Amino acid sequence: MKIVQISDTHISHLGGSPTDNAVRVVEFVNALQPDFVVHSGDVTILDPDEDRDRVAAREVLAGIAAPLRVLPGNHDVGEPGEEPFGDRPVTSERVAAFRAHFGEDRFVEEVGDWVVIGVNSELFDSGLPEEDEQWEWIDALPALVGPRPALFFTHKPVWALRPELQDPRLSVGPQSLPRLESALAALDVRAYGSGHLHHYALTFRDGVPVVSAPSTAFVHRGAVSADIVGPGLIQLGVVEYVIDESGALPFFRAPHDLVEPEFLQVEQARLALDAMGVVLPA
Ligand SMILES: [Fe+2]
Ligand SMILES: [Fe+2]
């Protein structure tokens, strides 16, 4: 059995290399013939209030042949914390707009004898009513899932390897982490997968693989990603989890013909920043 994780497609209604890459990746993922596909968020280029990007992303992702679930990233619903990117905090309205296009922002799916769980990481530490609803749902997971082996996906990584980087802009927020950890302890999680950092890394916690998935859109060279999730590959691609009774084995996979720009080399990203009124430090 095979599950593929794609992440951080950052699709724009203006097209450009992230969108072209996503089209190429859809074809590549179909060739892998997975049983299930998870998109771990940042579906749209940058602005959670730009519906035209959601429409464009839905069109591209509709090409995926396998069953697909999509999680929101901070660029899809905003983010928690004191200084959300582009002054776009996560709000009920933004979560509702995501759900209207991509379905529920959390899920449990049965894939063979396994379950695939997805959670909206942008709600942790947000204080929104949707956070309380998600906690109730998380607390009920052990009863729902039972002893079945599980894969657990979020946009932001559950853990930062350095505790001072456990920050809602980078990972699950520090206030929510202990409660999430105790919920996870009641499940038989066989692999964790996240996105957000545009950096492929594989580490282990108690023998369980913890994967930071690459983006398919652009890379952040020289960023702090390695401090958060461990050294890895600053390349574009997808993650394939090959699953058998011994566990879930993650593989980095990539088509050879993706365009791999830095964030600010992407014209559509610069246009989106301008439209959002974001001025980046020189
Ligand atoms: Fe991203
Ligand atoms: Fe992100």
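**A sheet and a helix pair**

Student: How many bridges join β5 to β6?
Tutor: In this predicted model, strand β5 (residues 114-118) and strand β6 (residues 149-153) run parallel. Strands here are DSSP E runs of at least two residues, and helices are H or I runs of at least four, numbered from the N terminus. Two strands pair if DSSP finds at least two bridges between them; for β5 and β6 the number is four.

Student: Which residue in β6 stands opposite Gly118?
Tutor: Stay with strand β6, residues 149-153. Opposite Gly118 stands Phe153.

Student: Which strands stand at the edges of the sheet?
Tutor: The open sheet has six strands with mixed pairing, in the order β4-β5-β6-β7-β9-β8. An edge strand has a single partner, so one side of it is left without a neighbour in the sheet. Those strands are β4 (107-111) and β8 (201-205).

Student: Are α2 and α4 roughly parallel or roughly antiparallel?
Tutor: The axes of α2 (residues 51-61) and α4 (residues 92-102) come within 10 Å and cross at roughly 30°. Axes are lines fitted to C-alpha atoms, for helices over the stretch in contact, and angles run from 0 to 180 degrees between N-to-C directions. Under 35 degrees counts as roughly parallel, over 145 as roughly antiparallel, 65 to 115 as roughly perpendicular and the rest as oblique. The two helices are therefore roughly parallel.

Residues are numbered from 1 along each chain as its sequence is written, and chains are lettered from A and ligands numbered from 1 in written order. Local features need pLDDT of at least 70, side-chain atom pairs count only at pLDDT 80 or more, totals for chains, interfaces and linings use all residues, and side-chain values use heavy atoms, leaving out hydrogens and water.
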